[in-house]
Amino acid sequence: GSSGINAEYGEFQTFQHYLKRINLRRPQDALMGTDTTQIILSSLKRERPICFQPEDFFDDDFNVDKFLALNRASFTLESLRKDLVKYSSTVQSSLVELINRDYADFVNLSANLVGVDQTILKLEAPLTSIEADIEVIRSSIQSEIEQISDKLVLRSELRHKQEVLYSLLNINKLTIKIENLISQNNDAKEDLFERVASEYSQLNFYVSKYEDLPFVQQMLPRIKQIDQYLEGGLYTAFMSGLKNGDKVSVGQCLRTFTTLDRVEKSEQLFAESIITPLIDKLINKAALSEQGLRNVYQSVLDSLPPATSLLLSLTSPRKDNELRSFEFMGNAVFPVIVNKLCTNIPSIFAAGNPRNFQQAYMDTQWFLAEFERLMGYRERVVALRQHSSYKAFLAKWSLPIYFQIRLQEIAGSLEHQLLTPFSPAPEEGSFLLPAPVMLLLCIRRCWDPEVLLRPLSHRFYKLTLQLLKRYAVWLQELPSSSEELQLVDVCKAVRDTTTLVTMVPSLVEEVVAGHIPSHNPQLVLQSCGEITDSISVLGEHVTHHVTEECCRAIEHAQSVPRLYRRTNREIPTEPLAYVSNLTEALESEIYNSCLPEPYKLDWCQRVTTTIISRYHGAVQEILVSLRKTEDSLAMLKRGRKGAQQANTTPANTDEDKIRMQLRLDVTSLGEKFAQMGIEKGEDYTSLLDLVSQGKR
């Protein structure tokens with residue numbers, strides 16, 4: 001049971017504790033230098049194996065229940081008990097063996113421990129006294145730390161109150177000082193404003209820190225009066241200096257604005273007082289209708305230098321300029337211009353009329369370039385382009401809508417022309433049909449200066465590729481687009497297409513290079529390759545149609561035997577008329593067409609190959625029939641009596657005449673192919689051999 005196992009485990013723990021002590025005391029011993037528990041394991045190996053692992057007892061967290069649950073599944077409790085008894089005996093015997101071997105160590109150990117308890121008792125009293133003294137000292141130090149911390153907190157509070165009192169005294173002192181300065185009658189107003197602004201800046205610093213205190217609340221009316229005085233006086237002096245062109249006075253006012261941290265306020269005053277009335281007179285519907293947008297922009301550009309040159313010279317963005325934080329052109333002038341354009345003449349942004357929209361946009365781009373040139377410094381231009389009014393102004397131009405209108409206009413022209421692709425083409429030109437002419441016109445239209453807008457260059461480049469793709473698709477769909485399609489029109493389309501693909505790359509390079517220098521010419525070449533590949537679809541259509549027309553005449557070859565069998569006709573000397581019909585459609589539709597020479601020869605060769613193949617089949621069928629007829633007649637003659645009489649067979653039988661006629665027809669067909677410069681090839685040689693086999 002579990003109690004027995006616990007007892008066994010208790011004995012094993014005692015033994016294990018002993019082994020550990022022996023290991024600690026005998027590190028130099030060869031046997032003890034290793035794990036002494038191996039003695040037990042080695043003893044067990046010499047006997048019958050047990051049903052559990054002895055190493056399980058070495059774990060510090062050994063649990064009897066877990067041990068039983070682990071081994072009960074594989075072994076019975078009785079076998080487990082026997083093995084535990086056996087293992088216990090082995091442990092005991094190993095313990096006795098170790099004790100006998102290390103008896104001297106056990107004796108020395110007991111001798112060394114004599115008197116140790118008395119020594120421990122002697123040390124206990126001094127150590128207890130020291131511990132009590134340390135605790136007293138620790139309590140005393142902790143009390144001193146708490147007292148010092150309280151005094152530091154009190155000191156911090158006093159220092160804060162001192163700082164507040166000092167700030168309140170400064171507020172009162174500065175307010176009185178500023179009021180005294182204002183009450184003085186000083187002719188140099190700008191100098192007075194500058195001094196007052198310096199003191200007022202310090203006053204605002206203290207007020208912003210303690211504005212919730214009652215004393216500061218009482219001082220706010222007086223401070224507000226000072227603020228109103230400064231604002232009104234500065235505004236008057238600033239406007240007066242600008243009107244009179246007094247550079248010194250304007251410079252002092254700007255420095256005062258900087259001291260008071262009112263840069264944006266000064267820019268707003270300039271925009272409202274000077275720029276807004278000026279721009280209102282220049283940008284309006286009447287001026288737009290009378291002068292046009294380009295002249296309106298020009299009048300604005302002409303009026304800006306007199307109004308802004310003084311400020312621009314004082315606020316240059318040089319690092320040594322204390323007034324470089326001002327940006328009157330970007331923060332005051334430009335927003336007013338944009339606002340007046342949007343409110344007074346919003347019609348310039350309407351994309352419904354693409355021609356007017358394109359012209360207005362181009363005029364605006366010119367104006368922006370000139371306006372940036374007036375700013376004089378690159379830093380100012382960069383700041384202007386990052387300004388919210390600049391971005392909003394560019395966003396007002398509905399470029400996507402404009403492109404969609406142009407897309408419908410350009411693509412619609414091509415689509416309309418593709419609906420009637422075989423109408424007469426212009427008399428002067430390299431094309432026979434109007435469709436490729438319209439395609440080139442549409443490509444040029446995409447890059448026309450009166451159509452193209454630079455931000456839309458990539459979209460128009462994509463449209464150019466789409467136009468080429470549409471033409472390629474039209475070629476592929478051409479055979480199935482109409483049942484009344486004439487082969488001559490297909491040949492014209494092929495001829496025009498070969499001319500087109502030689503012109504498109506140079507044309508696109510010419511019109512695109514100035515707008516998209518980094519464009520990939522391979523895209524255009526790929527589109528031209530798709531157009532060229534579409535010709536193969538037309539070739540299949542033409543060759544199939546011509547082949548069917550030519551091969552209809554092969555049916556007449558089947559009537560050749562009827563012409564000579566039992567008709568007593570003369571030996572043939574000329575080919576029959578159906579031979580001419582075999583090549584009539586080929587000559588008229590392809591050989592004598594306007595096709596480029598490479599396509600003409602290729603298509604003729606394809607048609608010829610099919611004609612020869614089918615003709616070969618028809619001739620072979622005739623010859624097989626003749627052979628069967630001859631064999632039947634021979635068998636009939638041998639069966640008749642008197643077959644050994646004199647031969648009455650004519651020199652040339654009907655079958656010989658049929659073979660001679662077929663040979664003449666095949667030879668004539670080969671001559672016609674040769675006249676057209678078509679290689680007859682092995683198929684024709686095989687056909688000629690076929691009709692020559694029966695020659696006598």
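What is the mean pLDDT of the protein chain, and what share of its residues reach 70 or more? The mean is 82, and 89% of the residues reach 70 or more. pLDDT is the predictor's confidence in each residue, from 0 to 100.

This is a predicted model, in which local features need pLDDT of at least 70, side-chain atom pairs count only at pLDDT 80 or more, and totals for chains, interfaces and linings use all residues. Residues are numbered from 1 along each chain as its sequence is written, and side-chain values use heavy atoms, with hydrogens and water left out.

Next, the overall build. The protein chain has 27 helices and zero strands. These are DSSP runs, numbered from the N terminus: helices are H or I, at least four residues, and strands are E, at least two. Of the 696 residues, 40% are buried, meaning under 20% relative accessible area with a 1.4 Å probe, protein chains only. Among contacts with a separation of 6 or more, 77% join residues 24 or more positions apart.

Look at H19, residues 457–481. How does H17 pass H19? The crossing is right-handed, that is, the near helix is turned clockwise from the far one by less than a right angle. H17 covers residues 399–419, and the two axes come within 11 Å and cross at roughly 20°. Axes are lines fitted to C-alpha atoms, for helices over the stretch in contact, and angles run from 0 to 180 degrees between N-to-C directions. H17 and H19 are therefore roughly parallel, the word for angles under 35 degrees. Phe-403 and Leu-407 of H17 are among the contact residues, as are Phe-460 and Trp-474 of H19. The contact has eleven nonpolar residues, no polar and four charged. Nonpolar covers Ala, Val, Leu, Ile, Met, Phe, Trp, Tyr, Cys and Pro; charged covers Asp, Glu, Lys and Arg; the others, Gly among them, are polar.

H19 also packs on H20, residues 487–512, at about 175°, axes 12 Å apart. H19 and H20 are therefore roughly antiparallel, the word for angles over 145 degrees. This contact has ten nonpolar residues, two polar and no charged.

Last, Phe-334, in helix H13. Phe-334 is buried, at 0% relative accessible area. Its partners include Leu-368, Phe-371 and Leu-384.

Notes: Parallel < 35°, antiparallel > 145°, perpendicular 65-115°, else oblique. Contact = heavy atoms within 4.5 Å. Buried < 20%, exposed > 50% of the residue type's maximum accessible area, 1.4 Å probe, protein only. Lists of a residue's contacts leave out its neighbours within four places in sequence.
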